[in-house]
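This report goes through one protein model by topic.

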Amino acid sequence: MITYNDGLFTITTDSFTYQMKKDAFGHLLHLYYGSPIEGDASSLLSLRDRGFSAVPYEAGLDRSYSYDYLPLEVSVLGDGDFRTPGIIIEQEDGTLSASFRYLCHRIYKGGALLEGLPCGRIDDGESLEITLKEDLSGAELILTYTAKDSSLLRGMKLVAKDKKITLKKALYSMDTIAMDQDVIWFDGRHCSERNKKRAHIDTSTLTFSSRRGATSHQMNNSFILCSHETTEDHGEAVLLSLLWSGSFTFFAEKDQYDSVRCGLGAGSEFFSYDLKNQELVLPQLLLTYSPNGLGDLSVKNNRFVTNYIRRKMTGGLKNPVLLNNWEATYFDFNGDKLISIAKEAKNLGCDLFVLDDGWFGKRNDDYSSLGDWFENRDKLGMSLDELSARIKSLGIGFGLWVEPEMVSEDSDLYRKHPEWALAVPGKAPTRGRHQLVLDLSNREVVEYIKNTLDDLINRGNLDFMKWDYNRFITDFHSSVTLPGRIEYDYIKGLYSIFEYLGNKHPSLLIEGCSGGGGRFDLGMLYYTPQSWLSDDTDAIERIDIEFGSSYIYPISSFGSHVSAVPNHQTKRVTPLFTRSSVAMLGSYGLELDPTKLSEEEKAEIRREIKEYKELCPIIKDGDFYRLLNTPDASCCLSISEDKKDGVLIAVRRLSHGNPKDHYVRLKGLDNKTLYRLGDKVFYGSFLMNYGLLLPFTYSEDLEAIRVRIKAL
């Protein structure tokens, strides 16, 4: 429910209240975000002389009212607020100053739909739109709010009038009065993405960003604000996630009066967007609130992402078990070899065979041919349509790996259109993986990619496309786009390609990838319902990546495969049952050569695939809980939303002489329901309050267990 009364805006669901107020000078104050309340939270504001804090001119001699300490919904440089601003606008004469004041508002049914950007797909409910007007330029800032369940979607649109303005920074901000808070972020590196880190917010400013043109392996664009006492099971927490796949900036700071401000939005230091008689729509921000700890927060957030953001497939393959040939063959294959692998994949129970890198141009290594998306007939020994037909005749789907945002200097495309690559004139381009980035801010490039992929999908009769992105942007210079606009316009161009393909080929399943998990974000999940989680396929290392990612994304979106041993990244030898159990926490697949498996291994994989298909509805549609994650062991639980069916998966990482037992308390069950676990029966209250002894045998290294949980 959304209400407006005497300047007070209140957005309320069963789970939270979000409150703002238009003050006497037209500025919008942020008052409250938390568990549901009634009343006007502005009654708690402390208005007094703050010494040297600046005051609005309209306040006259009243020195008690200053935007240097008041909680603001929109923080702009130039209003006497000396905290870190969320928005910086340069006026036509170069002045860095702006002041936005209330103009009007409206409340309407449904969600706020964005053209060309990811957004929540919400048909019911209500939305609030508040329009603010800027004093100097006349520009308008339109704020939108759509509430659903435990989540709130915020939106911003800047509308420039006949005076030119330059948007230098555009972050959503949120102020919290006098509260001790921590920030949790998810950092990492290639093959080690989304490690959970935590720090106390103090008077220094914590800043996290990506200036790579993508969200990156190094820093994810989702953050958690929580009380200092918040744990997995207790305490308040708010998750902030940007529906965006490009560069971003986040900051959190405590001011002189112990109030906290955070900001999150698209763009880095490179961002600078000129506008005149134009509008710029900013990516949406998703906020999810829980008063009951990080575990409940991630369950609520992931339900919302699944129901309202992540793309839903219509027709075609749904939840396919796939085999990808990359670690099986790398670049060394021909058509007959691929068909033999696909045949074995079908015999194992796979639904889909995916041909990875090396099938196009003259590609036998990563030094050439990106951009030349036509099959290498000499290598394959046949045309793409013939290869597809022969594989599909086996009763298995067919998919291809592509990297359409990139170009090799040794390619027909680059020789024909060198100006299509992002490069600084007069400066040798910086290479990444010996390739350059195509300029997706250039509409001509975008149309070329659309037409090329459309033709490829039709010729290959594709069911699946693995979309890779294996280097970041270093040279922010375009032949057609101003440098400051590239970060934004590039991602808009990317989204327009996904929009086109989704409309033209609605049954095509696209898996996102960026050297593994280098562009795993809500923007991508809006178009690609699953993403390759990490290039590290080692099951033991994958546990931490899966657990970290599960705080912000549903496990149904994780591309997760069983790889060969010794593992290609760590050289670790892990039991097949353990590798399979970890891979079940996501979209299950195989990353190995099935023609090299023993008959015993093939039989075990058949059993594992059969069991995964039985468990898939619980794992992918249920609620996911992290129960234990220590250097010794990890344990998690997926439970159906009706609390009747679940599966517990645990892995013992380290072996010890005379080992300790491992106990966990389960979550998400019904207190009064009896549950069968193997040959034992327990009440839900017993399992959640007393716990369960994990039935490890302690007979081998890297042991895994899977326990089915059924309500009686």
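Cysteine 119 counts as buried, at 2% relative accessibility. Buried means under 20% relative accessible area, exposed over 50%, and partly exposed in between, with a 1.4 Å probe and protein chains only. Cysteine 226 is in no disulfide. Its nearest cysteine sulfur belongs to cysteine 262 and is 12 Å away. Cysteine 226 is also buried, at 1% relative accessibility.

A disulfide is a covalent bond between the sulfur atoms of two cysteines. Here the term is applied to a pair of cysteine sulfur atoms within 2.5 Å. By this rule the count is zero.

## Basis of the model

This is a predicted model: local features need pLDDT of at least 70, side-chain atom pairs count only at pLDDT 80 or more, and totals for chains, interfaces and linings use all residues. Residues are numbered from 1 along each chain as its sequence is written, and side-chain values use heavy atoms, with hydrogens and water left out.

## Overall build

The protein has 13 helices and 39 strands. Both are DSSP runs numbered from the N terminus: helices are H or I with at least four residues, strands are E with at least two. The C-alpha atoms fill a box of roughly 85 × 70 × 45 Å along the principal axes.

The radius of gyration is 27 Å, which agrees with the value near 27 Å for a compact globule of 712 residues. It is taken over C-alpha atoms, and the globule rule is 2.2 Å times the number of residues to the power 0.38. Buried residues make up 62% of the 712. Contact means heavy atoms within 4.5 Å. Among contacts between residues at least 6 apart in sequence, 68% join residues at least 24 apart.

## Site at serine 173

Serine 173 lies in strand S11, residues 172-176. Serine 173 is buried, with a relative accessible area of 3%. Its C-alpha atom is 6.6 Å from that of serine 75, which is 98 residues away along the chain. Beyond four places in sequence, serine 173 touches Leu72, Glu73, Val74, Ser75, Arg154, Cys262 and Gly263.

## Site at isoleucine 639

Isoleucine 639 is in strand S33, residues 633-639. This residue is buried, at 1% relative accessible area. Lysine 620 is 19 residues away along the chain, and the two C-alpha atoms are separated by 9.7 Å. Leaving aside neighbours within four places in sequence, the contacts of isoleucine 639 include Ile618, Gly622, Asp623, Tyr625, Lys667 and Leu669.
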